[in-house]
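Thanks, everyone. Let me put the model on the screen, and then we walk through its helix packing.

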Amino acid sequence: HVFKRLKFLGNKMLSQGLTLIFLAIWHGLHSGYFMCFFMEFVIVYHENQVSRLIEDSPRLRGMVSRPELAPLLYLLQQTFHWLFMGYSLVPFCLFAWDRWFKVYRSVYFLGHAIFLSQILLIPTYRRVLVPKKRVKRE
């Protein structure tokens with residue numbers, strides 16, 4: 001309900017971010033809640049960027065629409081989903097900074113590194129994979 005009530009802001013990302021901050025506060029003021037919802041925001045943002053990249057790139061769109069690749073793509077999608085859902089839930093379950101930070105440090109903050117680096121690289125992928133629109137001259 002909070003997300004829908006923030007529709008007046010006119011910015012879906014801002015509405016989502018504020019909703020996740022509200023949810024973190026609602027659950028409690030433990031740092032783990034804030035990290036969990038931060039990672040959710042980062043992952044959803046990344047997924048949206050990748051989806052737009054696939055839609056805008058004829059090469060990628062053609063590749064993901066091939067029926068023979070559907071089982072492999074489904075397997076990759078599910079592996080990705082379950083792997084990073086667990087990664088994001090670690091701080092939610094461990095609450096305190098000293099606990100969840102140790103876990104993330106032991107895996108070298110791999111999830112953070114993957115998603116944040118990919119978000120930074122998406123513009124480069126777009127330049128390579130999305131054709132430039134040509135302007136017709138009259």
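Start with helix H2, residues 12-27, and H3: their axes come within 9 Å and cross at roughly 160 degrees. An axis here is a line fitted to C-alpha atoms, for helices over the stretch in contact, and angles run from 0 to 180 degrees between N-to-C directions. Helices are DSSP runs of H or I, at least four residues, numbered from the N terminus. H2 and H3 are therefore roughly antiparallel. The angle classes are these: under 35 degrees is roughly parallel, over 145 roughly antiparallel, 65 to 115 roughly perpendicular, and the rest oblique.

Before going on, note that this is a predicted model: local features need pLDDT of at least 70, side-chain atom pairs count only at pLDDT 80 or more, and totals for chains, interfaces and linings use all residues. Residues are numbered from 1 along each chain as its sequence is written, and side-chain values use heavy atoms, with hydrogens and water left out.

Back to H2 and H3. Their crossing is right-handed. Right-handed means the near helix is turned clockwise from the far one by less than a right angle; anticlockwise is left-handed. Which residues of H2 and H3 meet? From H2, we have Met-13, Gln-16, Gly-17, Leu-20, Ile-21, Leu-23, Ala-24, Ile-25 and His-27. From H3, they meet Tyr-33, Phe-34, Phe-37, Glu-40, Phe-41, Val-44 and Tyr-45. Contact means heavy atoms within 4.5 Å. By class, this contact of H2 with H3 has 12 nonpolar, three polar and one charged residues. Nonpolar covers Ala, Val, Leu, Ile, Met, Phe, Trp, Tyr, Cys and Pro; charged covers Asp, Glu, Lys and Arg; the others, Gly among them, are polar.

Stay on Glu-40 for a moment. Glu-40 is partly exposed, at 33% relative accessible area. The cut-offs: buried is under 20%, exposed is over 50%, and partly exposed is in between, with a 1.4 Å probe and protein chains only. Glu-40 and Phe-115 sit 75 residues apart in sequence, yet 11 Å apart in space, C-alpha to C-alpha.

Helix H3, residues 31-56, and helix H7, residues 110-129, have axes that come within 10 Å and cross at roughly 20 degrees. That makes H3 roughly parallel to H7. H3 passes H7 in a left-handed crossing. The H3 side of the contact includes Met-35, Met-39, Val-42 and Ile-43. On the H7 side, Phe-115, Leu-116, Ile-119 and Ile-122 are among them. The residues of the H3 contact with H7 divide into 13 nonpolar, five polar and three charged.

The axes of H3 and H5 come within 6 Å and cross at roughly 155 degrees. That makes H3 roughly antiparallel to H5. This contact, H3 with H5, has 12 nonpolar, three polar and one charged residues.

Is Ser-88 buried or exposed? Buried, at 8% relative accessibility. Leaving out residues up to four places away in sequence, Ser-88 touches Cys-36, Met-39, Ile-43 and Tyr-104.

Next, the rings. How many aromatic pairs does a search of the whole structure find? There are 15. Rings of Phe, Tyr and Trp (its six-membered ring) pair if their centres lie within 6.5 Å; planes under 30 degrees apart are stacked, over 60 edge-to-face, and the rest tilted. Take Trp-100 and Phe-101: the centres are 6.4 Å apart and the planes at 65 degrees, so this pair is edge-to-face. Trp-100 is buried, at 2%. Phe-101 is partly exposed, at 23%. Ring pairs link Phe-80, Phe-84, Tyr-87, Trp-97, Trp-100, Phe-101, Tyr-104, Phe-109 and Phe-115 into a cluster.

Last, two backbone points. Most residues other than glycine have a negative phi. Phe-95 has a positive phi of about 60 degrees. Phe-95 is in the loop between H5 and helix H6, residues 97-106, and is partly exposed at 31%. Phe-109 also has a positive phi, near 50 degrees. Phe-109 lies in the loop between H6 and H7, and is partly exposed at 23%.

Terms used:
Helix = DSSP H or I, 4+ residues; strand = E, 2+ residues; numbered from the N terminus.
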